[in-house]
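Subject: Handing over the structure

Hi there,

Here is the structure I promised to pass on. Please open it alongside this email and follow along as you read.

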Amino acid sequence: MSDIKKIAILTGGGDCPGLNPVIRAVVKTAIEKYGLEVIGIENGYHGLYHKSFVPLTLDKVQEIIGVGGTILHSSNKDNLFIYPVRDENDEIVKDENGNIQYHDVSDIAVQNLKDAGIDALFILGGDGTLTSGRDFARKGVKVMGIPKTIDNDLACTDFTFGFDTAITVATDGLDRVRTTGMSHHRIMVVEIMGRGAGWLTLHAGIAGAADVILIPEIPYDIQKVAQKIIDDKKKGKTFSIVAVAEGAKSVDGKQVILKVREDSPDPIRLGGVGAVIADELESLVGSEARATVLGHVQRGGSPTAHDRVLSTRYGYAAVEYAMQGKFGNMVVLQGNEIKYVSLEDVIGQKTKNVEPDGELVTVAKAMGVSFGD
Ligand code: F6P
C-alpha cells in the first residue's frame, strides 16, 4: 500500500507540444485508478515558490490532449537554488554595480509542499528543470521526472515528448520553402531550433530532403557547403535546401548568439546563423539566397499523434512508478519500452548529442547530404 495521497504537477522550462497530454494522463490515472488528489503548480518553479497551487480535477483535463502549450504555464527563469533576489513587487534587485544577487530559496519551496500536504512532485521538464528536480530529490522531496523537450537532448531516454511534433513542423517548413525555392532558383536556408543538439535539424533535414544539414556536432566549412551547391548546380539542380541548426558551429568554433538573458539560469539564446549562412552562400555560389527562421512555430500548436501517445504512456507510467515508491527517477523510453532511470544518472551525464559517425548521419550522407565537413 502506498502512502501517497496527494500529488502535484509542475511544468518547467520552454514549453513544447505534449505537456497537456502528460498532465491529462497523470490526472486521469491518479484520480481514476488510485483516488489521489492532484494539485497543479502554475508557472513552473515560480509557482512552487509563490504557492500558485490549483486543484487539478478531471474536468480540467478534458479536451486538452490535442492542445499545445501547458494549461499550467511555464517559466524558464526560476531556478530556486540560484534565485535572483527580488523586491516586494517580484522585480529583480541589482546591487550598486548593476549585478544581480542570487540566493537559495529551495527550502521555502520544500516547506510550501509540506504545508500543502503534497506527498510527491511530478516534474515535466528538460535538463534545467530536471536538474532542480534532482536537487529537490536530494532534499528529500519525492520527485518523479518526465522528459520534455523539442531538442531531444536529455540523456538516458531515446525520445522526449515534443520532439516528434517539432520534427513534423520543421519538415513542413522545409517542404514549403522547397517549392518557392524551386520557382526562383534560390538557395533556401532554414534555421531550426535545438540549442546545442542537432537532433531536430538532422531528423527534419532527412525527412525534408535537405541538400545540406549543418548541426553543432559537426563543425562546417562554408567553402565546402558552397562547393556542394556549386557541384549540384553543375549537375542541373536549380535550387538548394540548407537545414541549419541554430547552434551550428563553423570550423573556427563560431556560433551565432541572438541575445543573452541575464535573468535566466541558461542565459544564451541562439539564433541568426541562418541569415549569416545565406549571405555567405549568396556571395560564394552566386545564386540568390533567403533565410527562414522557424523559431517558436516549432514549439507551438497541437502535438502529433505520436507525441500524444508517448505523453500518455509517460504520464501513466509516472503515476504507476510513484505508487510503487520509485521516486528520484525519470520515466524514459528505451527501445519501445517505458522504464525509469535515476535523476542522478540523467543529470550526471552530458546532454545527448548526435554522433558525427552515427547511423543517421551515415544514412543522410548516403542520400547525398553535405554536412560541410
Ligand atoms: O530548449 C527548447 C528551445 O526551444 C531550444 O530549442 C531553443 O534554443 C530555446 O528553447 C529557446 O528558448 P526561449 O523560448 O527562451 O526563446
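This is a predicted model: local features need pLDDT of at least 70, side-chain atom pairs count only at pLDDT 80 or more; totals for chains, interfaces and linings use all residues.

Residues are numbered from 1 along each chain as its sequence is written, and side-chain values use heavy atoms, with hydrogens and water left out.

**The ligand**

Which residues surround the ligand? They are Asn76, Ile150, Asp151, Met193, Gly194, Arg195, Glu246, Arg269, His296 and Arg299, where a residue is taken as near if one of its heavy atoms lies within 4 Å of the molecule. Some of these residues also make polar contacts, meaning a pair of N or O atoms within 3.5 Å (within protein, one must be able to donate a hydrogen and the other to accept it, and residues adjacent in sequence count only if both atoms are side-chain atoms). Glutamate 246 has a side-chain N or O atom 2.5 Å from a ligand oxygen. For histidine 296, a polar side-chain atom lies 2.9 Å from an oxygen atom of the ligand, and for glycine 194 a polar backbone atom is 3.0 Å from a ligand oxygen. On its own the ligand has 400 Å² of accessible area, and the protein covers 79% of that. Accessible areas come from the Shrake-Rupley method with a 1.4 Å probe, and for residues only the protein chains shown count as cover.

**Salt bridges**

A salt bridge here is a side-chain nitrogen of Lys or Arg within 4 Å of a carboxyl oxygen of Asp or Glu. The count by this rule comes to 22.

Arginine 186 and glutamate 288 form one of them, at 3.4 Å from N to O. This pair links distant parts of the chain, 102 residues apart: arginine 186 sits in the loop between α5 (163-184) and β8 (187-192), and glutamate 288 in the loop between α8 (273-285) and β13 (289-293). Helices (H or I, at least four residues) and strands (E, at least two) are DSSP runs, numbered from the N terminus. For burial, I call a residue buried under 20% relative accessible area, exposed over 50%, and partly exposed in between (1.4 Å probe, protein chains only). Arginine 186 is buried because its relative accessibility is 15%, whereas glutamate 288, at 37%, counts as partly exposed.

Arginine 195, listed above around the ligand, also pairs with aspartate 266, with the closest N and O atoms 2.9 Å apart. Here too distant parts of the chain are linked, 71 residues apart: arginine 195 is in the loop between β8 and α6 (199-207), and aspartate 266 is in the loop between β11 and β12 (268-270). Arginine 195 is partly exposed at 26% relative accessibility, and aspartate 266 is partly exposed at 35%.

A further salt bridge joins lysine 365 to aspartate 373, with 2.9 Å between the closest N and O atoms. Lysine 365 is partly exposed at 37%, as is aspartate 373 at 46%. Elsewhere, salt bridges that share partners connect Asp127, Asp151, Asp153, Arg195 and Asp266 into one network.

**Helix α4**

How does the span of helix α4 agree with what it should be? The expected span of a helix is 1.5 Å times one less than its number of residues. With 12 residues (127-138), α4 should span 16 Å, and its end C-alpha atoms are 16 Å apart, so the two agree. Its buried residues are Thr129, Leu130, Ser132, Gly133, Arg134, Asp135 and Phe136. Just after α4, glycine 140 takes a positive phi of about 100°.

**Backbone angles to check**

Most residues other than glycine have a negative phi. Asparagine 43 is not a glycine, yet has a positive phi of about 60°; its place is in the loop between β2 (37-41) and α2 (45-49), and at 30% relative accessibility it is partly exposed. Histidine 73, also not a glycine, has a positive phi of about 65°. Histidine 73 lies in the loop between β3 (53-55) and β4 (83-84) and is partly exposed at 45%.

Best wishes
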